[in-house]
There are 2 protein chains.
Amino acid sequence: MLLADIGNSYFHIYNGSDVEHLSYADAIRKYSKEALCYISVKQQLDSTIENISLWKNISQEIQLQGAYETMGVDRRALCLSHDDGVFVDAGSAITVDIMENGEYMGGFILPGLKSMLKAYSSISPVLDTELNDTISLERLPTTTKDGISYGIIASIKALIDKHSDGKKLYFTGGDGKILSSFFEEAIYDEMLVFNGMRKVIKETEIC
Amino acid sequence: MLLADIGNSYFHIYNGSDVEHLSYADAIRKYSKEALCYISVKQQLDSTIENISLWKNISQEIQLQGAYETMGVDRRALCLSHDDGVFVDAGSAITVDIMENGEYMGGFILPGLKSMLKAYSSISPVLDTELNDTISLERLPTTTKDGISYGIIASIKALIDKHSDGKKLYFTGGDGKILSSFFEEAIYDEMLVFNGMRKVIKETEIC
């Protein structure tokens, strides 16, 4: 059974052994003739995908105790992967969610790393730079490039650290590996959302 | 003597009693016939302003010990306003700079509040929202709007708190008042950059 997590920028597909990250068009081209269960936050794609008879939308089944109504289904699935922890999905946006004893405690949203860089460059050409993803957080930066990289990474880290409080830190998403490298004992796992989906599928036998 | 701080979005003018925030065109229209000393980070405006004979660019005179070469002149002037402290200029971008015993220690840059909101809305229409500028930072948010407002404010605050370490916190800029309301004992003062300029003018008698 193929599982798909349709995000704001990519189609993430677990084929039983690997996770593939495809464009919407490529994913439909490659897998529309195969049985697939998916969750999606990309509403603009709904009308296209609903016509694919072998694909089943299981978004409604991803129930999380304590979740709020408009919480993205990918965040719910991610939180279902473990009963306790801080769950960071670093994709187009960065979501940070807290779970305690199987219950959702709340969370917050930050722009993704690429969106942050775009925000700087739209303010002034002087702030148009790339991320220094090996920036030291031990000393204050003294260049514009490092001042921006530090601003992005250290602000995210300071807020996540404030909420970790002995909890395990789980990272997933396209920038999850980079971001997790700034934390000690962080777990990066691109299967987390799919593991949450599999838990629901096992319990409900919906797929 | 009029003083002007020309930023990435606005012309800030101190007329001896008040600070005015004008568009570039309005400022030139209103004050081009008066003597004025200015600093500017808006390079695109240089060729226009250099032709105004009564205006004097004193950017080169704003020297700050420990500053790096490409550091914006408005940040240098802001840091010159006091010998010690954390200096936050919350405008189009948010700059945070640390001073100790009259020496610049380093600093970092974050996108401004409006840029942050724009970054979210460009990721997904679901994330298009306004800032809740009275958001509680005491509890984890459980709605998208609050999750975004919390993400913006709490990440900035967590990083500034980490660096304040008993130092005085000074805020200026268009969003300085809002942002300072999330800190205890923060000082908001829209004169800080002008005070730095006045200190230099007094020492060098350039204006």
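This is a predicted model: local features need pLDDT of at least 70, side-chain atom pairs count only at pLDDT 80 or more; totals for chains, interfaces and linings use all residues.
Biologist: Where is Glu205(B), and what is its phi?
Modeller: Glu205(B) sits in the segment after H7 of chain B (helices, H or I of at least four residues, and strands, E of at least two, are DSSP runs numbered from the N terminus). Its phi is near 55°, which is a positive value in a residue other than glycine.

Biologist: And which residues of H7(B) itself are buried?
Modeller: Leu192(B), Val193(B), Phe194(B), Gly196(B), Met197(B) and Val200(B) are the buried residues of that helix.

Biologist: What covers them?
Modeller: The cover over the buried residues of H7(B) includes, in chain B, strand E1 (2-6), strand E2 (11-14), strand E4 (36-40), helix H3 and strand E9 (169-172).

Biologist: Switching to chain A, what is the phi of Asp165(A)?
Modeller: The phi of Asp165(A) is near 50°, again a positive value in a residue that is not glycine. Asp165(A) lies in the loop between H5 and strand E9 (169-172) of chain A, and it counts as exposed because it has 8 C-beta neighbours inside 10 Å.

Biologist: What rotation superposes chain A on chain B?
Modeller: A rotation of 180° with 0.0 Å of shift along its axis superposes chain A on chain B, at an RMSD of 0.0 Å (by least squares on C-alpha atoms with pLDDT of at least 70 in both). That is the relation of a two-fold axis, and the same surface serves both copies, since 100% of the contact residues of chain A recur in chain B.

Biologist: How many residues does the contact take from each chain?
Modeller: The contact takes 38 residues from chain A and 38 residues from chain B (C-beta atoms within 7 Å).

Biologist: Which elements of chain A supply that side?
Modeller: Strand E7 (93-100), strand E8 (103-111), helix H4 (113-123) and helix H5 (144-164) of chain A each supply at least two residues of the side that touches chain B. The largest share of that side, 11 residues, comes from H5(A).

Terms used
Residues are numbered from 1 along each chain as its sequence is written. Chains are lettered from A and ligands numbered from 1 in the order in which they are written. Two residues are in contact if their C-beta atoms, placed from the backbone, lie within 7 Å. A residue is buried if 20 or more other C-beta atoms lie within 10 Å of its own, exposed if 12 or fewer, and partly exposed in between; C-beta atoms are placed from the backbone.
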